[in-house]
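Trainee: Could you take me through one part of this model up close? I would like to see how a single piece sits among its surroundings.

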Amino acid sequence: MACAILPDADLISRWFDIPHTADLGHRGATHTILFALLMGALGAGGAASFRTSRAWAAGFLFLATLSHPLADMLTDGGKGIMLFWPLSDKRFRWLVHPVDVSPIGVRSLINGTLDDILLSELVWLVLPALLLAVLYRLVRRPYIDSGKGQS
Ligand SMILES: [Zn+2]
């Protein structure tokens, strides 16, 4: 969950008057494939504490981090995501933007649009994720250890 949230830590760029469209501005460097790879690599180091392989931990944390910018690309606000930075400064969005963008700041959330934003995120992000999780659970073959070794 931390990896999926961490890309929006770039909002602290506002404290330093970094322009919204700068590489280190909102939806910039922390919303990239490079950042997701970095989070995967850092997480792989902690794989032993979760009793899993480094490759599995790295892949899982990479995808968890990358889910954030890919979901942001579905929102109807902003200028897009610099997904391929530093190779390209081009900002990308999906062709459709059904998710209402969440305003920055608590005061903005209280102005009466919170219900619409949460409903939009529920329909376009949470429910599809739950559906995928259920489908994965249904098609995943359980690991069965028959106790018979191959020789
Ligand atoms: Zn974001």
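Mentor: Let's look at where helix α2 meets helix α3: on the α2 side the residues are I33, F35, A36, L37, M39, G40, G43 and A44, and on the α3 side they are R54, A57, A58, L61, F62, T65 and L66. Sorted by class, this contact has eleven nonpolar, three polar and one charged residues. Keep in mind that the model is predicted.

Now for the geometry. Two packed helices are described by the angle between their axes and the distance between the axes. Here α2 (residues 33-44) and α3 (residues 54-72) pack at an angle of about 145°, and their axes are 7 Å apart. The crossing of α2 and α3 is right-handed.

Next, α2 itself. At 1.5 Å a residue, its twelve residues should span 16 Å, and the end C-alpha atoms are 16 Å apart, so the two agree. Within α2, the buried residues are F35, A36, M39, G40, G43 and A44. An α-helix has 3.6 residues a turn, so residues three or four places apart point the same way. The buried residues of α2 pack against α1 (2-5) as well as α3.

Let's finish with A36, one of those buried residues. Beyond its neighbours within four places in sequence, A36 is in contact with F62, T65 and L66.

Methods. Residues are numbered from 1 along each chain as its sequence is written. This is a predicted model: local features need pLDDT of at least 70, side-chain atom pairs count only at pLDDT 80 or more; totals for chains, interfaces and linings use all residues. Side-chain values use heavy atoms; hydrogens and water are left out. Contact means heavy atoms within 4.5 Å. Axes are lines fitted to C-alpha atoms, for helices over the stretch in contact, and angles run from 0 to 180 degrees between N-to-C directions. Helices (H or I, at least four residues) and strands (E, at least two) are DSSP runs, numbered from the N terminus. A crossing is left-handed if the near helix is turned anticlockwise from the far one by less than a right angle, and right-handed if clockwise. Ala, Val, Leu, Ile, Met, Phe, Trp, Tyr, Cys and Pro count as nonpolar, Asp, Glu, Lys and Arg as charged, and the others, Gly among them, as polar. The expected span of a helix is 1.5 Å times one less than its number of residues. Buried means under 20% relative accessible area, exposed over 50%, partly exposed in between (1.4 Å probe, protein chains only).
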